[in-house]
Amino acid sequence: MCFLLGSLASCVSHKQIAYFQTAADSTELAIQINNRYVPVIQNNDLLGIYVNSLNPEASSFFNPYAAVERTGTGMLTTQTGQIPVTNAVGHLVDPEGNVELPLLGKVKVAGLTSNQARDLIREKLKTYLKEPTVTVRFLNFKVSVIGEVVRPSMFNVPNEQLTLPEALGLAGDLTIYGKRDNVLVIRETDGKREFGRVNLNNRDLFKSPYYYLHPNDVIYVEPGRARVASADRLYQLIPATLSALSFLAIILRRY
C-alpha cells in the first residue's frame, strides 16, 4: 500500500498542482481588472424585492409575503439594515421581462442590473411612499461545481458576483487528482451552451472571460492520469488482497 501511494505521488509534479504560475523571468506585478461581470436581469429570473420607507405600515403593502414564517436561512443587507432572505418577495420575471408589483402593476426589468431595477422601482414608488428604499437581489444566482473537488455541490451566490477560484474554494479546492490545466466551464448565453477551458496553473486565468462566473454556470474538474492509475491499481489489488485474506483465514482455522 505504501508503494502504491508513493508511486501515485510521484506521478504528480509541483508544476502540475501549483496555481497561478508565471514565467521565471517575468516582471509582471499586476494584472488590470477590466472584465468585471455585472449580471443583468433576464426572463424567468427570480428576484427578491423588499420595500421600505418612513412609514413602515404603508411599506408593508408592497411586501405581501413579509409575514411568511422566517426560517433564518440568511440575511439581505438593505439601506435600513439587514432583513431575512425569506422576507424578500420572490418575483418571477415573466416571458416579456416584467415583474408585477402591488399598485405599480407590471414593471419592465429585463436587461437591467439589480441596481438599475432598484432605482426604477424606487422612482415609481415615490407616488405612494415618502422616501422609499428598495432592495433588489437575484434569488436564483447559483453555480455548480462537480468532478475532482473535495465537496461537489451547487452554491447560491448572495452578492451577485463569484469568481472561479472562489467557487472552487467553496467546493473545498481540487483533489490531488484534479486536472488544474483544463478546467471546464459550461455556460448558457442567449439560448446557446458554450464550453470554455481554463488553466488554473497560469496567471492568464485572471484575463479569462470565465474568471467571473455567470448564473447557472457549471464547473467540471476532470480527473487526471493519477486518478485513473489509482483506480486501475485498486482493481488489481482487490483480488490479490481477498485471496491473501482467504488463505490466511484457512491457515487460522487449521491452527
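Predicted model: local features only at pLDDT ≥ 70, side-chain atom pairs only at ≥ 80, totals over all residues.
Reader: Is Ser 59 buried or exposed?
Author: The relative accessibility of Ser 59 is 2%. A residue is called buried when its relative accessible area is under 20%. Because 2% falls under that cut-off, Ser 59 counts as buried.

Reader: Val 51 makes me think of the largest cavity, as it is in the lining. Which helix and which strand each supply at least two residues of that lining?
Author: The lining consists of Ile 49, Val 51, Phe 62, His 91, Leu 101, Leu 104, Ile 121 and Leu 125. By class, seven of these residues are nonpolar, one is polar and none is charged. The elements you ask about span 46–52 and 114–125, and they are strand 1 and helix 4.

Reader: What volume does the largest cavity have?
Author: There are two cavities of 30 Å³ or more in the model. The largest cavity has a volume of about 40 Å³.

Reader: What is the phi of Leu 103, roughly?
Author: Leu 103 is in the loop between strand 5 and strand 6, the latter covering 105–108. At 51% relative accessibility, Leu 103 counts as exposed. Leu 103 is not a glycine, yet its phi is positive, at about 65°.

Reader: Which loop holds Asp 173, which also has a positive phi?
Author: For Asp 173 the phi is about 75°, although this residue is not a glycine. Asp 173 counts as partly exposed because its relative accessibility is 32%. Its place is the loop between helix 5 (164–170) and strand 10 (183–189).

Reader: How many salt bridges does the model have?
Author: Side chains of opposite charge can pair when their charged atoms come close. Here the cut-off is a side-chain nitrogen of Lys or Arg within 4 Å of a carboxyl oxygen of Asp or Glu. By this rule, the number of salt bridges is eight.

Reader: Which residues are linked with Asp 119 in a network of salt bridges?
Author: Asp 119 and Arg 118 meet through their side chains, with N to O at 3.1 Å. Both residues count as partly exposed: Asp 119 has 32% relative accessibility, and Arg 118 has 22%. In the network, Asp 119 is linked with Arg 118 and Arg 122.

Reader: Which residue forms a salt bridge with Lys 126?
Author: Lys 126 counts as partly exposed, at 48% relative accessibility. The N to O distance in this salt bridge is 3.4 Å. The partner of Lys 126 is Glu 123.

Reader: How far apart are the closest N and O atoms of Asp 204 and Lys 207?
Author: Asp 204 is partly exposed, with a relative accessible area of 46%. Asp 204 forms a salt bridge with Lys 207, and the closest N and O atoms are apart by 4.0 Å.

Reader: How far is Leu 213 from Arg 187 in space, C-alpha to C-alpha?
Author: Leu 213 is in the loop between strand 11 (192–198) and strand 12 (218–221), and counts as buried at 0% relative accessibility. Among the residues it touches beyond four places in sequence are Tyr 37, Phe 141, Leu 162, Val 185 and Arg 187. Leu 213 and Arg 187 are 26 residues apart in sequence, while their C-alpha distance is 8.8 Å.

Reader: Finally, what share of the residues of the protein chain counts as buried?
Author: The chain has six helices and twelve strands. Of contacts between residues at least 6 apart in sequence, 63% join residues at least 24 apart. Out of 255 residues, the buried share is 35%.

How values were computed: Residues numbered from 1 in each chain as written. Heavy atoms only, no water. Buried < 20%, exposed > 50% of the residue type's maximum accessible area, 1.4 Å probe, protein only. 1 Å grid on protein atoms, 1.4 Å probe; cavity = no way out; pocket = protein on both sides within 12 Å on 5 of 7 lines; lining within 4 Å. Points joined across faces, edges and corners; volume = space filled by probe spheres on them. Helix = DSSP H or I, 4+ residues; strand = E, 2+ residues; numbered from the N terminus. Nonpolar A, V, L, I, M, F, W, Y, C, P; charged D, E, K, R; others polar. Contact = heavy atoms within 4.5 Å.
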